[in-house]
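Reader: I am new to this structure. Please take me through it.

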Amino acid sequence: MPTLILVRHGRSTANTSGVLAGRTPGVALDERGVAQAAALPGRLAELPISEIVTSPLQRCQETVRPLLGARPELRPHTEERISECDYGDWSGRKLAELTDEPLMQVVQAHPTAAAFPGGESMRAMQTRAAEAVREWNARVEADHGADAVYLMCSHGDIIKSLVADALGLHLDLFQRVSVEPCSITAIRYTRLRPFLVRLGDTGDFASLVPREEAPGEEAAVGGGAGAP
């Protein structure tokens, strides 16, 4: 079965402003995110990518644009089921404001019980994304063979939930996974089980440098902004 390359979108204006973007329209890549996207074709140059699938949201579309420019033979496919989690009434709000919401502790510790007001549950988010991947696996294998490699550009919580699915982890553990902007995660699917062969690879270690302000214990809802 195929190998799936999961790319989180490059750093966005919402990431740097500390806003939970969700599906808010008009959220673009910031200057660093544009540079991250521009570097993507070089990072993936050796991979024979057969298909490019992307979330419909602007920041993902902008992330794959340079890659599509470098591979004019490929046409992008928009897949609604790998769009960002629908955070409902939380969308567009400052993350700092949301820390005091009682639901935030549920999101952190028991995400299978978390449903966003006016939005969707985290269980529904994972289910739709995993179903999309399984359908695309079958489609890519049928069109390009069992050894094909294809790419999906999506969002932090989506990718983390797909990693949990691949590892057989309960969704309540998915907050232990971290994927930075424009990081690459690779999952090789087989008939018996998936293998996680890359996780959150950005090509550098800047995010591991100790910071003046120590990172908190809570996971960044939506994925975080990555290295400063």
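Author: One definition comes first: two strands pair if DSSP finds at least two bridges between them. Strands (E, at least two residues) and helices (H or I, at least four) are DSSP runs, numbered from the N terminus. This is a predicted model, in which local features need pLDDT of at least 70, side-chain atom pairs count only at pLDDT 80 or more, and totals for chains, interfaces and linings use all residues. Residues are numbered from 1 along each chain as its sequence is written, and side-chain values use heavy atoms, with hydrogens and water left out.

Reader: What order do the six strands of the open sheet have?

Author: The pairing in this sheet is mixed. Strand 3 and strand 6 stand at the edges, each with a single partner strand, so one side of each has no neighbour in the sheet. The order is 3-2-4-1-5-6.

Reader: How many bridges join strand 5 to strand 6?

Author: Strands of a sheet pair through backbone hydrogen bonds, either parallel or antiparallel. Strand 5 (residues 184-189) and strand 6 run antiparallel. Ile184 has Asp201 in strand 6 as its bridge partner. The number of bridges joining strand 5 to strand 6 is five.

Reader: At about what angle does helix 7 run to strand 1?

Author: Axes are lines fitted to C-alpha atoms, for helices over the stretch in contact (heavy atoms within 4.5 Å). Angles run from 0 to 180 degrees between N-to-C directions. Helix 7 (residues 156-167) lies across strand 1, strand 4, strand 5 and strand 6. Its angle to strand 1 is about 150 degrees.

Reader: Which residues form one aromatic cluster?

Author: Rings of Phe, Tyr and Trp (its six-membered ring) pair if their centres lie within 6.5 Å; planes under 30 degrees apart are stacked, over 60 edge-to-face, the rest tilted. Tyr87 and Phe116 pair edge-to-face, 5.0 Å centre to centre, with 90 degrees between the planes. Trp90 and Phe116 also pair edge-to-face, at 5.3 Å and 65 degrees. The cluster is Tyr87, Trp90 and Phe116.

Reader: Is Gly10 buried or exposed?

Author: Gly10 sits in the loop between strand 1 (3-8) and helix 1 (13-17). Its contacts include Leu29, Thr63 and Cys182. Buried means under 20% relative accessible area, exposed over 50%, partly exposed in between (1.4 Å probe, protein chains only). Because its relative accessibility is 0%, Gly10 counts as buried.

How values were computed. Lists of a residue's contacts leave out its neighbours within four places in sequence.
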